[in-house]
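Here is a short briefing on how two parts of one chain meet. Please keep the structure open while reading.

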Amino acid sequence: MCGGSLINTRYVLTAAHCIKTKSSVKLVAVRLGEHDKNTANDCIDFIDGTKHCAPEAYDVDIEEIIIYDQYNRPNRFQNDIALIRMAQKIKYSESVRPICLPVDERVRHQQLFKYVITGWGKTEKQTVSSVLLKATVDHVSIPECQQEMYDNFLAVTLVDPWQMCARGANLTDACKGDSGGPLGTSVAVDGIPKFVQFGIVSAGIRSCGKKGVSGIYTSVPAYMNWIVANMRP
């Protein structure tokens, strides 16, 4: 299972390793509007006894998958990015909305220190979550992150600006099942605060959340030209 980000009415942004796997299972659809995988409808119960439910989640067939042609080259985990083109144009709703991307050059080069990650991946209880979770993580520079890899005997070579790192406190981290999901934060775009995606969950240690070891993310700003060039109406 992997995550992804809806970026317009036809495309989902995700990690290449979610698509190009050794498994014989083929990805044929994406699910939109999901929050709690154990319920058909996601609802909020108010104290006055009323209830509000979001539209039911639904699956959309895939028309095309575009994987970055240099994925996993020259080093493992590099260029871990892919686009999924859905077979039909979808309609936005209160539970299906696109995430913002760092299209503006000024946004791409902002110095940011904290991000939010989301996903249904494995938790500290070593079980996957049925409900979409979120957590806050801190930015870690590539030199510091690379040193962490060396210190923990991890054969990983990181490349700036194509990759980025982040880590949280108290076992807070992306984990198995969160791959392909977004790392983002709220920034001002033309004076208006918007939640913008800056990273894609790419890799990390199997235990997840180990003190002193950051998670690895594909840097979305570095691939904006590729993303735009590979999308069509």
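Contact here means heavy atoms within 4.5 Å. By that rule, 16 residues of domain 1 touch 19 residues of domain 2. The model is predicted.

**Domain layout**

**Buried area**
- Interface size is often expressed as the accessible area lost when the parts come together.
- Between them, domain 1 and domain 2 bury about 1,500 Å², with 55% of it on carbon and sulfur atoms.
- On the domain 1 side, H35, K37 and F77 supply 32% of the area buried against domain 2, more than any other three residues.

**Polar links and make-up**
- Salt bridges between domain 1 and domain 2 number 0.
- Polar contacts do cross the interface: 11 residue pairs, both partners at pLDDT 80 or more.
- On the side of domain 1 that touches domain 2, the elements giving two or more residues are β2 (11-14) and α1 (16-19).
- That side of domain 1 has 5 nonpolar, 7 polar and 4 charged residues.

**Aromatic pairs**
- The structure holds 4 aromatic pairs.
- One of them joins Y68 and Y223: the ring centres lie 5.3 Å apart and the planes stand at 90°, so the pair is edge-to-face.
- Planes over 60 degrees apart count as edge-to-face.
- Y68 sits in the loop between β6 (58-67) and β7 (82-86).
- Y223 sits in the loop between β13 (215-219) and α4 (224-229).
- The pair links distant parts of the chain, 155 residues apart.

Note on methods:
Residues numbered from 1 in each chain as written. Predicted model: local features only at pLDDT ≥ 70, side-chain atom pairs only at ≥ 80, totals over all residues. Heavy atoms only, no water. Buried area = accessible area lost by both parts, 1.4 Å probe. Salt bridge = Lys/Arg side-chain N within 4 Å of Asp/Glu carboxyl O. Polar contact = N/O pair within 3.5 Å; in protein donor to acceptor, adjacent residues only side chain to side chain. Helix = DSSP H or I, 4+ residues; strand = E, 2+ residues; numbered from the N terminus. Nonpolar A, V, L, I, M, F, W, Y, C, P; charged D, E, K, R; others polar. Phe/Tyr/Trp six-rings, centres within 6.5 Å; stacked < 30°, edge-to-face > 60°.
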